[in-house]
Every structure is written in structure tokens, then in C-alpha cells.
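Please keep the structure open beside the text as you read.

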Amino acid sequence: MTQQTRTPSAGETAIETDALTTTQKAALTSGAGDFVTEAVGGVPALSLSDGPHGLRLPKGEGEGDGGQLDLRSAAPTTCFPPAVALGSSWDRDLARRVATAIAAEARAHAVHVVLGPGINIKRSPLCGRNFEYFSEDPLLTAELGGAMVRGLQESGVGAALKHYAANNQETDRMRVSADIDERPLREIYLRAFERIVRRDRPWSVMAAYNALNGVPLSENRRLLTDILRTEWGFDGVVMSDWGAVRDRVAALRAGLDLQMPGTGGRTDREVVAAVENGELAEEDLDASVARLALLARRATAGAATAGTAGAGAAAEAPGPVPYDEHHLLAREAAERCVVLLRNESSLLPLDPSAGTVAVIGEPARTPRYQGAGSSQVTPTRLDTALECLRESAQGVRVEFAGGYLLSDDEDPAVREELAADAERLAARSDTVLLFLGLPAQEESEGFDRDHIDLPAAQLALLDRVLAVNPRVAVVLSNGGVVRTSPWHERVPALVEGWLLGQGGGSALARVLYGHTNPSGRLAETIPLRLEDSPSHLSFPGEEGHVRYGEGVFVGYRGHDRRGDEVAFPFGHGLSYTTFTHSGLSAVARDEAEDKREDNDEGRRIEVRVTVTNTGGRPGREVVQIYSRAPEDSSIARPVRELRGFATVDLEPGESRDVLIELDRADLAHYSEREGGWFVEGGTYRIEAGASSRDIRCTVDLRVDGDPSRARLTGRNTLGEWLAHPVGGPLLLDAFARGRGARSGAGAGAGALADPVMRRFLAGMPLEVIAEFPQSPVPVSQLPALCEQVAAQG
């Protein structure tokens, strides 16, 4: 692919750096402290902050312990739902609005760059940091992550897209090498980064701790320069994850611009010495300095022009942050993220004026609303489900029992007393809301989980509650997938509440009482067992390497290809109403009547489907569009892959036609033989559904394939020659012409008529067949045949 270029706007004019000394340039390429860059010459310092779902403001001197290891925020900010929840909203606009609110708070606290969003793929449910990531699917990840990038940067605050790349586990995270073949690397682990970089133009990208195929990401020139900059056209800054750089000079040569945090000048001196002795070209250092200056200009100009101010306007002091409004947005976002997994006999929603309700489980009173590690936010306020459920009930008695403690060191006598109290409460109540979930000590940045089970004390409590009251709705609170089998089949209702941020308690109450109709959909598969996960046998690796042995078959791609039973499939989620899908059509734009000459427009696929609300409540449906590759595909492909989605709000009985435009290029696979993305020709099946396992309607679409860029040689097999649109006919013609010249069995043209012999020969290189005495195409003719193919192809 050719490099994309972008001309800076008037507000992004590069700051003059020609007068800087080598020492000053080196200083610019490392931090001045934990979360601030150096101010050198005309380049101002920039303030950075953790903040995928809200700002974690770094403490200054005298505030707490200070330093990057102090994970408490210096001041309260709005804690929005983490990515694990926001991914289940499938809502681009919501993600953008959340990012816009985060940007407003960033400007108020003089933060120039927010360290997020995190868009790594959920390869394994055991990854301890899965609560920071959106999905197991690169398209869904790119759409929501890209919306957050746009929301931040349109508001004048830079995004730091992270963690680039293949940072899919916490075990040995600062050293492990993710060993990945090129096709899954491109199709799964780089795909979301590529989409966002090309389309949304993040100002910065954060290089991950880990190595890729043996080369640390901070020193990986192929990833940081050849792919990120040359192929994708990235013009921003590449910064390190905190403490990731081991060789500062090698990192600069590879294309890493900014080492974080600062090292007190130690590595700056290494850079100066490397320039002086010729180990580092000054041009490489200058390139990083230019990009850092551009980031500084973008960030400072962005602060001045955010909102309605014009380019070049003077910076104005930000107004007061509307924290009350942001809290309402956090609650709205949380409502959209709740996933109703099961609802037998319409147990939910609860009638706020009928029956008695038992709320059991400590998370209802002491919520987990975010994960542990560098993303922790100090919320401006915190809703609890228990309090909000009581406020929602209209004269109905809502009683509470803790049922269990959240700590591991629970005394057996205390455990029994808590469980017995909960059992008695369940027995005398009409309906039970049982809150279960993972304690904070079981999932965090820095380590992976050992299993996906709920704590044994919670499962024992579930059995006791069900024994005395079958009307149980389980509400889960967890940052990573938990196993629900086989117990979920015994509970009438199951709600996946994830980690929902500071508004999660009121959001859950509104969903449980029906004030909000749930519309969340799973962004990852919930397997029956951990052992069913496609990555299970190669996670987390050994002796410093983890082999991504499942290839492209990650998440639902692997489950569906193997035909596994799953607890709940990717894309699944119920509503208090019902929807139907009908009238699916798919038309390549270059076949449509409104065909345009523009190449990009001519390579789109228009998918239309009619969605009808067939139930009695207003609701929101998430229309999911998948594709299936041609049956005669020459490579191993997933059963189906997500290609597009849209949300639609409908009143009871209302129908609406939904248009979802796909990019023809999304049908491509990455081919090492072709040297890039390649669309196979054939009949693709376009599917509309409510999950990867709930396909409502299908339509076939004939797609012309890309011309092959591969050059045929004698090392190509007979099968590859015969499949080639130019080489196949030429080879058959050569065989036909050689038929009379040679006779007998073996590799002669007559052998191709025998289906067994044809399959036997199909895997042999043509140069091997040419050596056979009876070959109709001798070795001496191969160069001319190859040249003829190249000339006509």
C-alpha cells in the first residue's frame, strides 16, 4: 500500500525546532516526570492522564504517595462504564458522547492527552485486563474505539490509542513474545488499529510492553514505522507504555518518539552519545522531534479551538465541569450496556407495586464499578443498586441480605450466618434479586485470572436460595467473562451487569424495574467451559513465548467453526419486547442504478433489512450483519464474520428499513502469497441476525475477485497453476500441445483426466512435474510459460 499523507491545518503548523541542540532534542523524546513531557525551546510541556473510562489524575508532590505506582486519582472525575461494558452497547454515538465528556473534564484539569482507548482483542477470557477492552471482534472494537478517538480529538484533547499491539495477556506482560502468523496478526490483532489510524487519525499511539515474534514492540521498526507510518499513513507520536523501553537508542531507530516516564536524563545522555558516535542517525532523532512538536501544537491549539472558537483563537479558561450532567450520561451509558441474557416466563421486569423483593448479595450494596490498575477513577458520586431499587419500588418492601463477604478470608461461621440469613429472606419473599460477581482481587491489570468460575461461596448460596424460592433473577458484576453453566439453566432470569461505572446502580434498578428496556448485546462469547475457549491450549505460553495457535479463529470465529455449544453467543442479548427481521437485500454499489465513477463509492455494498417491533414495549434492536465466505474458498475461513451493525429504536408495531453500508474490502483476507489484502471471487452469503448463532435472514451476493498479484513460478503447485485465471488456461493449452509429443502414463496430460491422479498431482510443484520423463511441459519450457503468465496477468 502507498503511504497516506496529510497536510497539517493552520492550527497544526509545526513548531520551529531547527535551533535545538542534540541535548535538547534528546530531552524532548523522554518524559519530564511520570505524566508530563519536557518543555524545550518553543515546544511546551504536555500533561497526560490515564483515562479510558474517565480521568485518573496523577498526584503532584505532597499529594498522597505521588508517583506512577499510586493508583488513586488526585481529584474526583466522572467514572463512565469501562470498555467491557461500553462494548456491549454496540453504540458508536454513545461512545463518542462519553469521550466528549471525558475531554471536557480533561481540559478543565489541563490534561492534553488521554491515554486511551484500549482496543486490544479479547483473545482469552482469562486476560486480567479484559475490562479495559471492548470485544473479541476487531470490527466492533474499531467502531467503538474510533468513536472515542473522534469524541476526544474533536474536543481538543489527544487520544493515545493503545496497546499497540498483540497485548492480550498480563502474564509476563513486560517480556513475553506474542508469536503470531502474519494472517491472524493482520486480520485480528492489527485490524482495529489499522481502521482507526486510517479513518480517525489519532494524535498518538502507545506501543505495548510485549514483544511480537521476538522483537519488543518499543524496538519493532516493522510495526512502528513500516506498517504504522508507511502503510497506514500515521503522522502522530508513538509513545511507550510506562517502563516499556529497554534500549532507548534502538527504540528511536525503530520509530518510538517518546519514552515514558522520564528517567532523570539517564537515557537522554545515551541518545546524545549515540548521535555523536554514529550509532543513531540525527535524522531519526529529528523526525521524532518534529512529530512531538506537532503533537504539542495540536494539543495546545486544540485547547484553544475546542467548541466554537476559530483556529488560532486565544485559549480561554475552561468553564465549570457539568458533573451532574456527566453523571446522568454515565447512568444512560450504563443502561445501554446491561445485557439481559435470560428471562424465562418474563420474570423481568419487576412490577414496582406488587410483591416483596429480596435483594441478596454484597455487590448490590458495595458495588464494583471499575477494574483495578492504572485506569482507576475516583468517582464524583456513586449510585448503589440497593438504594436505587428501594427508590424505584412503589410501596413494595425491598429487604437486603449480604449473603457473603467479598474477601477471601471469610470465617466459616460468619459465612454460614450470612448465607442462612439470605436463605430465610429468600423464603419469605416473592422474588429474589441475587447479585453475584467477581471480587476485586480476582481481576486486575498486572495478572491474569486462573479460572472463569464465580467464587464457591456464591454458587453455594445460589443453590440454597433456589431451593426455597425459584423466582430468582441473578445479576452479575464482573470485568471478565464468568462461567454460567450449568447453573444458569436453573434461574429464570440472568442479567450481565459487567462493571458499569458510577451510574451503574441506578442503571440496573431502571432496567430491573422496566423503566429502561435492556438493549445490550454481548461483545464476547460466554463459553460453557474455559477449556472450550479457542486459545485455551496456548495461553499464556511458556518460557517467554506465547504461540497464538488458534490463528484467526478467535472468540466466536473459533467457537462457530468448531461447532461448540456455548452458554451465550457473541451478539446475544434479550429485550422486554421482540423483533423480527425481513426483506434482506445486498447489492454491490457498482451494480446499483446510482453507480458513481468514484472508485471508493463503487466498491461499497448496500445491505438493507426491515426490522419490526412485534412486542408491546418500545425497544432498541441491534441489527448485526455477517458474511460467509464462498464455499470453495481456498483458505480456512470462519463460518461467519461481523461486517456491520446498526441500532434502531422502534415503538410497538413499528417497522423501519435499516441501511448498513459495507466496504467490499472487508470481505478480504490477508494473503502472504498475494502480499496483502485479497478478495476472493465467488458467492458470499450475507446474513442479518441477533447474534452469531441467531441468524434471521440471508441473501447471496456474487462478488468479483481481485486480480492476483502473485507471480507464478515453477515452485507453485499444479493446483495453484490450474486455479490461476491466466496461468490455468495457459498451462492446459501447453499440456494439450504436448500431448502428441509424448505418450505414456505418469505426468502426461491424460493424467489430468483421472480425478485421483489429478488430486495426486495437484500438490506437486510444477517444476517437479516437469522433470518427469512423460511431462508434456519440460523444464526447458517453464521460464517462457512463467513469463507469458506475467505478461498477460
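The report below starts with the whole chain and then moves to individual helices, strands and residues.

## About the model

This is a predicted model, in which local features need pLDDT of at least 70 and side-chain atom pairs count only at pLDDT 80 or more, while totals for chains, interfaces and linings use all residues. Residues are numbered from 1 along each chain as its sequence is written, and side-chain values use heavy atoms, with hydrogens and water left out.

## The chain as a whole

The chain holds 21 helices and 26 strands. Both kinds of element are DSSP runs numbered from the N terminus: helices are H or I with at least four residues, and strands are E with at least two. The radius of gyration is 29 Å, close to the 28 Å that the globule rule gives for 793 residues, so the chain is as compact as a globular protein of that length. That radius is taken over C-alpha atoms, and the globule rule is 2.2 Å times the number of residues to the power 0.38. Along its principal axes, the C-alpha trace spans about 95 × 70 × 55 Å.

Of the 793 residues, 60% are buried. Here buried means under 20% relative accessible area, exposed means over 50%, and partly exposed lies in between (1.4 Å probe, protein chains only). The accessible surface comes to about 30,600 Å², with 48% of it belonging to carbon and sulfur atoms; areas come from the Shrake-Rupley method with a 1.4 Å probe, and for residues only the protein chains shown count as cover. Among contacts between residues at least 6 apart in sequence, 77% join residues at least 24 apart. Contact means heavy atoms within 4.5 Å.

## Helix α13 and its neighbours

Helix α13 covers residues 412-427, which is 16 residues. From its first C-alpha to its last it reaches 22 Å, close to the 22 Å expected at 1.5 Å a residue; the expected span is 1.5 Å times one less than the number of residues. Ala 419, Ala 420, Ala 422, Leu 425 and Ala 426 are buried in this helix. The buried residues of α13 pack against strands β10 (357-360), β11 (398-401) and β12 (431-437), and also against helix α14 (456-468).

Strand β12 includes Gly 437, a buried residue with a relative accessible area of 4%. Which residues does Gly 437 contact, leaving aside its neighbours within four places in sequence? They are Tyr 404, Leu 454, Pro 455, Gln 458 and Ser 477. Gly 361 is 76 residues away from Gly 437 along the chain, yet their C-alpha atoms are separated by 9.0 Å.

## A three-stranded sheet

Strands β18, β19 and β22 form an open sheet in the order β18-β19-β22, with antiparallel pairing. Two strands count as paired if DSSP finds at least two bridges between them. Strands β18 (579-588) and β22 (655-663) stand at the edges with a single partner strand each, so one side of each is left without a neighbour in the sheet. From one strand to the next, the twist averages 20°. Strand β19 (residues 604-613) is joined to β22 by nine bridges, and Ile 605 stands opposite Leu 662 of β22.

## Strand β25 and its partners

Eight of the 10 residues in strand β25 (residues 682-691) are buried. This strand pairs with β20 (residues 619-628) in the antiparallel sense over five bridges, and Gln 624 has Gly 689 of β25 as its bridge partner. Nine bridges join β25 to β26 (residues 694-703), again antiparallel. In β26, Gly 689 is partnered by Ile 695. The two strands β25 and β26 form a hairpin with two residues between them.

## Backbone details in the loops

Most residues other than glycine have a negative phi, and most peptide bonds are trans. The bond from Gly 116 to Pro 117 is cis, with omega near 5°, and Pro 117 lies in the loop between β2 (113-115) and α4 (138-153). Leu 348 and Pro 349 are also joined by a cis peptide bond, with omega about 0°; Pro 349 is in the loop between β9 (339-343) and β10.

Asp 172 has a positive phi near 55° and sits in the loop between β3 (158-164) and β4 (177-179). Its relative accessibility of 27% makes Asp 172 partly exposed. Trp 498 has a positive phi near 50° and lies in the loop between β14 (493-496) and α15 (504-512). At 1% relative accessibility, Trp 498 counts as buried.

Definitions and conventions:
Axes are lines fitted to C-alpha atoms, for helices over the stretch in contact, and angles run from 0 to 180 degrees between N-to-C directions.
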